[in-house]
Each structure stands twice: as C-alpha cells, then as structure tokens.
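Hi everyone, thanks for coming.

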Amino acid sequence: MSVLVLNCGSSSLKFAVIDPRTAAQPVAGIAQRLGSPEASLDWKNGGEKHSRALPGAHHDVALRAVVDLLRDLGLLDGLVGIGHRVVHGGDEFASSVPITPEVIAKVEACIPLGPLHNPPNLVGIRVSQEVFPGLPQVAVFDTAFHQTMPPVAYTYPVPYEWREQFGVRRYGFHGTSHRFVARQALAQAKLPADDHALVTAHLGNGCSCAAVRNGRSLDTTMGLTPLEGVMMGTRSGSVDPAIIGHVASANGRSERDVIDALNKKSGLLGVSGISNDLRAVEEAAAQGHERARLAIDIFCYVLAKAIAALVVPIGRLDALVFTGGIGENSVTVRARVVEHLGFLGLALDPEANGRHGRGQDGRVTTSVRPQALVVPTNEELLIAMDTAEILHRG
Ligand code: ADP
C-alpha cells in the first residue's frame, strides 16, 4: 500500500511514492524546468540517481512520464491514492480533504491569495485526475494547521472591512511541516499530548515559526502571504510597509517591482550580496566578509525575537523545535538563537549541538525543560499519512 505525493510548482513537479505505515519511500524525484527545452525528470530509487530529458514538457507530459516510471518500477499497482500539496486554502480548509469539484472550486477561489502557487497546484490536480481516473485524490493545505489561531492572532490592525472585502488576515504557511515536527517533538522530548507548549522553527529557503499549544497552532510568523515574519533566503520577512512606497518613488519603480525585490532579492541574499544559500553565506562570513556576517547576525537576532514573541500565546516554553535545511544542519544558527534566548532558560550544549542532537533524541541543550531540539521534517510523509487516513475513513 502506497501513496503518490505530488507537489506542483509553476515550472516543477515533485513526486514521491511513500508507504504511510512504514515511511518507506521507494522512489522520489522532480520534473523541473517544465515548459523549457531543458525540462528533465530526475529521480532517485534504490540509492541511485537517474535523469531523463523531457524537452519542452509541461506538467501533463511530466506526470505521464512519472506514470511510465512507476510502471517500470512495478509501483503503479500498489498505489491507493494521491496526496496533493496545496499552498493556500484561505479560511476554507482547516484540515486535509478528499478532492471533489466543490474543493477544486474553493481552491480556485483562493487564487487571489496564492497567485503564484494555487494555479500550478490546480494543474497538478487536474492532470492527475486525467492520468489516474480511478484513484482517490486528497488535498493537503499549507495553511490548514494555522486555522486554529484565534482572531487576536490572525486579525491585522487595519480597517476591519478589509477582512471581508479582500480576505486580509494572517493565514500562515508551512503548516504541514509545523504539524509534523510538533507531533514528532512530543515523542522525542517526552511531552504529554494534552499539555505542551512548543515553538516550531521551520528554517529552509522560506522560514516561519509557529506557537503550538497542545497540538494546536495559536500563532505563526507568516501572514497573508509568505513574505511576512522572520528573515529568509531571499525574502525580507517583516519590514515597514512604507519602504515600498518610498523606494518605488525614489527609484522610479512600480510598487509591484519593490514587492518583488522584497520577495526575491532580500533576506540573506540581499544583505550579504552573496547568496540566498546559508552555507555560502556562512563560508563567506568565516573568511571575514562583513556583509555575510551581518546577514547571519540579523537572521539569528530576528529569529530569536520572533521565537520569544511566540511564547506569549503559549504561556510558557517546553521546547523549541528546529527543522528545515537550516534548522536541521546549521550548528551556528541554532547556537546563536539558543544563546539569544538564554533568558527563557535554554542553555546550549555545544557538543550535542555539533552532533545535531544525535544520540539524545535531537536535544541540543543541557536544559531539558525548556529544551531546544532538532526534528527532521517530512512533509511528504505527513501528506501520505493524511491521504491514507482519509481513504481509510472512506
Ligand atoms: P526548501 O525550503 O527549499 O525545502 P531546505 O529546507 O532544503 O529548503 O533548506 C535550504 C537551506 O538549508 C539553505 O539555506 C541551505 O544553505 C541550508 N542548509 C542545508 N544544509 C546546510 C548545512 N550543512 N549548513 C548550513 N546550512 C545548510
């Protein structure tokens, strides 16, 4: 029994076949540069990497190539369903749902909120309905986990009518990752399911933190869009919105251009001038590059401030969870953030941190309550688990 997990972006299609009971993943890959002459299908199975050119392929051709691949690998007949990552569910979806025409209509209605993500997500759903007509399909939303936020956390202090008229409120993202690592953290840190207070920090190219009390998200750093919150690879995170008008008029650029720069040319890349990739910025900083150092200083400072603020909704801190490429791998970022947060009772264990918490259930602090711990995320597995559970419920 396995689930095909699909994540369609504007020019890519990520896929994985996962057994939700064992987490076994016999094949995973990505069709990328779709729509260009360089389009390709790259995958990994049995520990080996493979690649196939798909010149000019769009999502439909790519998905058919995935089907051929699964057939060749003998994985097609074992599929029980397909789980789709859908980025923006607005306030329509508080959990994963079986895909029906009504669900598709609601995801379409959320396009203004997720203009870059929802259209390719919908293409993935439509194409896979064509390619797998008999297979049940499930939508798993990035926003759903945060639907438990109370109005005080999701309402912006702006004219109240904007909420009704334009859907202006905090939605939050990375919900699948926050939900997955919060659940894992309970087992690793031995916390009770009905009484815990966590801050989860998902630090990848995009970064967000969430305040989780007893399994429910009570607040998060990303907002109407993923631009808000902490500093990221190319996104600024929260800045004075007046910057937009100021730079636009000073520079003769449109506000849309400035917002684009806040999304794509800011963050680690913008400050360091080197890269959006933390590894490259860390290397430059180690060689004395001033702006690279400043970029890391700001990254850790802003992150620590955001984490401290998220203790307000949960009332106390039992555990700070690090995940994502940076959270799982950067010894420096974890050390700096934990040091900033010493006043909460977190005390770094430099040796354990150097080992990414291996050998002590991910814990990188000498303090146990509160503790900071590393929990590897696995969004695909949670999508597969949700899909299997929904199919099981029938
Ligand atoms: P995405 O959000 O695209 O899934 P990832 O979760 O893979 O991204 O995270 C990518 C980030 O993780 C990059 O900034 C990368 O530099 C960082 N990263 C990965 N490995 C390391 C490492 N060993 N040390 C520091 N940063 C790392």
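I'll go through a helix pair, some aromatic rings and one valine.

Okay, before anything else: this is a predicted model. Let's begin with two helices. In general, you describe two packed helices by the angle between their axes and how far apart those axes are. Here, helix H6, residues 175-189, packs against helix H16, residues 379-393, at about 90°, and the axes are 9 Å apart. Roughly perpendicular means 65 to 115 degrees, so H6 and H16 fall into that group. Who's doing the touching? On the H6 side you'll find, among others, Phe180 and Arg183, while H16 brings residues including Leu381, Leu382 and Asp386. Sorted by class, that H6 to H16 contact has five nonpolar, two polar and four charged residues.

Next, the rings. Elsewhere, have a look at Tyr154: Arg169 lies over its face, 3.7 Å from the ring centre.

Last stop, Val87, which is also in the loop between S6 and S7. Is Val87 buried or exposed? Its relative accessible area is 5%, so Val87 counts as buried. Leaving out residues up to four places away in sequence, Val87 touches His117, Asn118, Asn121, Asp142, Thr143 and Phe173. Take Asn118: it's 31 residues from Val87 along the chain, yet their C-alpha atoms are separated by 6.2 Å.

Technical notes: Residues numbered from 1 in each chain as written. Predicted model: local features only at pLDDT ≥ 70, side-chain atom pairs only at ≥ 80, totals over all residues. Heavy atoms only, no water. Axes fitted to C-alpha atoms, helices over the stretch in contact; angles between N-to-C directions. Helix = DSSP H or I, 4+ residues; strand = E, 2+ residues; numbered from the N terminus. Parallel < 35°, antiparallel > 145°, perpendicular 65-115°, else oblique. Contact = heavy atoms within 4.5 Å. Nonpolar A, V, L, I, M, F, W, Y, C, P; charged D, E, K, R; others polar. Lys NZ or Arg CZ within 6 Å of the ring centre and 35° of its normal. Buried < 20%, exposed > 50% of the residue type's maximum accessible area, 1.4 Å probe, protein only.
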